[in-house]
Structure formats: C-alpha cells, structure tokens
Amino acid sequence: MQRYVEGKRLEIKSLTERDSFRRDFLGNVAHELKTPLFTVQGYILTLLEGAVNDKQIRMKYLDRANKGVERLVAVIKDLDMIAKLENDGMKLNVDVFNILEVIQNVIDLFEMKAKKRNIKLKFDKIYEFPVFVKGDVEKIEQVIINLVVNSIKYGSPNGTTIIGVEDFNDKKFILKVIDNGEGIKKEHISRLFERFYRVDQSRSREQGGSGLGLSIVKHIVEAHDENILLKSTYGKGSEFSFTIEKAR
Ligand SMILES: Nc1ncnc2c1ncn2[C@@H]1O[C@H](COP(=O)(O)OP(=O)(O)OP(=O)(O)O)[C@@H](O)[C@H]1O
Ligand SMILES: [Mg+2]
C-alpha cells in the first residue's frame, strides 16, 4: 500500500511538473511572438493613420515592419525545427562526410556577419588531410552554424573564433568552437541548453535571439548519441564542443 501511494505521488509530481513545463513553454512562445508582432502592428497602424503620405517616413516604417516580420519568421522556423526534432524522435540521414568542408562552408557563410563586429573566423591549424566522420551532414551543419553565430553575437568586437577538430578517443573526434568573448557565469551553465534560456534577456534580444539555438544544438547532438560540452570563463571566453563518430 505504501509503495502504491509513493508511486502515485511520484506520478502526480511528474504530471504536475510536465504541466507547468508546458505552461511555461506556451508563455514563452506567446511572449517571443508578441514582441515583434506588436512592432509590426504599430508601424502599419501609423502608416494607415496618415504617415503613408510622407515618402521618407513611409520607407522607414515599411522597413521596420519588415524587420519585425523577419524576426517572426526566424522564431517560427526555430519553433518548427524544435517541434520536428521532438516529434519524430529525430530521423537522421547518416552519411560519411568530410567535416572540414562543412566547417569551411559555415565560415564562408558567416564571414560577412563576423566582419561587421570585426571578428575573425578561422581554423585552429592547417589540415593536410580530410577528416571523415559519420552523421547527418545537414543537422551537424546546423549545430556548427548555431555555435558559430553565437560566438559572433557574444564574442567581443575585434575578437577571434577558432574552430578545430581533434581526436577524442579511438572512435570519436571532438569539434571545438572557441571564442574570446564575454564568457558565461557558472550559475548559468547548467541551464544554458534549455529552450528560451538566455543569460541577459535585453542584450540577447538586441542581438536578435530567442534562446532556442542551443536547445536545438543539444537535441541534434544527443540524437547522434554524442555529447555537447561547455567550458567558459566569465570575462574571458567560451569553448563549446561536441563529439562525433569517426568514419572507418
Ligand atoms: N559563445 C557564447 N558566449 C557567451 N554567451 C553565450 C554564448 N553562446 C550562448 N551564450 C548565451 O547563451 C544564451 C542561449 O544561447 P542560444 O543560442 O540558445 O540563444 P540565443 O543566441 O539567445 O538565441 P537564438 O540562438 O535562438 O537566436 C544566449 O542568450 C547567451 O546569453
Ligand atoms: Mg544562438
């Protein structure tokens, strides 16, 4: 009887937790959508009320409304990706590929964005040979993109992001993305990979983040049965790394 009661108590606890988690999640989603939506609405209403007749203001407000829409699209894309990852238990398209090519591709994609903050993106060394790994190439690219974009957003201006691949053990490599940016205080580290978690709400929002990037990273890495690791010193910089299977 006692065991039965204890069992039920745990069940109720887990259901209550899940329910509060779901409520938090809905609240977060609503909030993330509300902010840009009200921005868009504000500019459109002002245009309708007459601002449309002023050619200069018209362009400025349309441009701002468009930025708000872009933000909405970005949040919805991330939510959509998370929903997919959580629903199909993530189907992986596993292939053998050269991870150096994927890294180079990400560097090429984000060089301009990095330049705007005067941040250099580079490999840790010159690689003479390809590094073949096994995984879902598109999803692994998404992981590298999210980590590199973070290193640009939270890196210090004039800083450097260094990307490297090393042996982790016989069967695995480890890929590291290292920045010399603001770093992360210890108390945040355990929660950083949660959906919507941001260290500094205002700064992160100014950088256009909704706090979904790292939860996507964690999902993808864990679906590969691999680990994501984080070392960071507040004020000095951060090192995000994940393991990946070697291809034989
Ligand atoms: N390289 C980093 N250096 C310092 N802080 C970081 C770094 N990467 C992430 N963070 C912190 O972790 C938080 C969560 O990161 P995450 O990528 O999940 O969300 P985001 O970048 O705010 O938004 P999104 O990725 O959804 O656009 C960030 O808001 C930031 O505070
Ligand atoms: Mg991010």
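User: At what angle do helix H2 and helix H7 pack, and how far apart are their axes?

Analyst: Two packed helices are described by the angle between their axes and the distance between the axes. Here, helix H2 (residues 55–87) and helix H7 (residues 213–223) pack at about 25 degrees, with axes 10 Å apart. That makes H2 and H7 roughly parallel (angles under 35 degrees count as such). Axes are lines fitted to C-alpha atoms, for helices over the stretch in contact, with angles from 0 to 180 degrees between N-to-C directions. Helices are DSSP runs (H or I, at least four residues), numbered from the N terminus. By the way, this is a predicted model, where local features need pLDDT of at least 70 and side-chain atom pairs count only at pLDDT 80 or more. Side-chain values use heavy atoms, and residues are numbered from 1 along each chain.

User: Which residues make the contact between H2 and H7?

Analyst: Contact means heavy atoms within 4.5 Å. H2 brings Asp78, Met81, Ile82, Leu85 and Glu86, while H7 brings Ser215, Ile216, His219 and Ile220.

User: How many aromatic pairs are there in the whole structure?

Analyst: Rings of Phe, Tyr and Trp (its six-membered ring) pair if their centres lie within 6.5 Å; planes under 30 degrees apart are stacked, over 60 edge-to-face, the rest tilted. A search finds 4 pairs. One of them is Phe25 with Phe196: centres 5.7 Å apart and planes at 50 degrees, so tilted. Phe25 lies in helix H1 (residues 2–48) and Phe196 in the loop between H5 and H6, so the pair ties together parts 171 residues apart in sequence.

User: Is Phe196 buried or exposed?

Analyst: Buried means under 20% relative accessible area, exposed over 50%, partly exposed in between (1.4 Å probe, protein chains only). Phe196, at 6%, is buried, whereas Phe25, at 23%, is partly exposed.

Terms used. Chains lettered and ligands numbered in written order. Helix = DSSP H or I, 4+ residues; strand = E, 2+ residues; numbered from the N terminus. Parallel < 35°, antiparallel > 145°, perpendicular 65-115°, else oblique.
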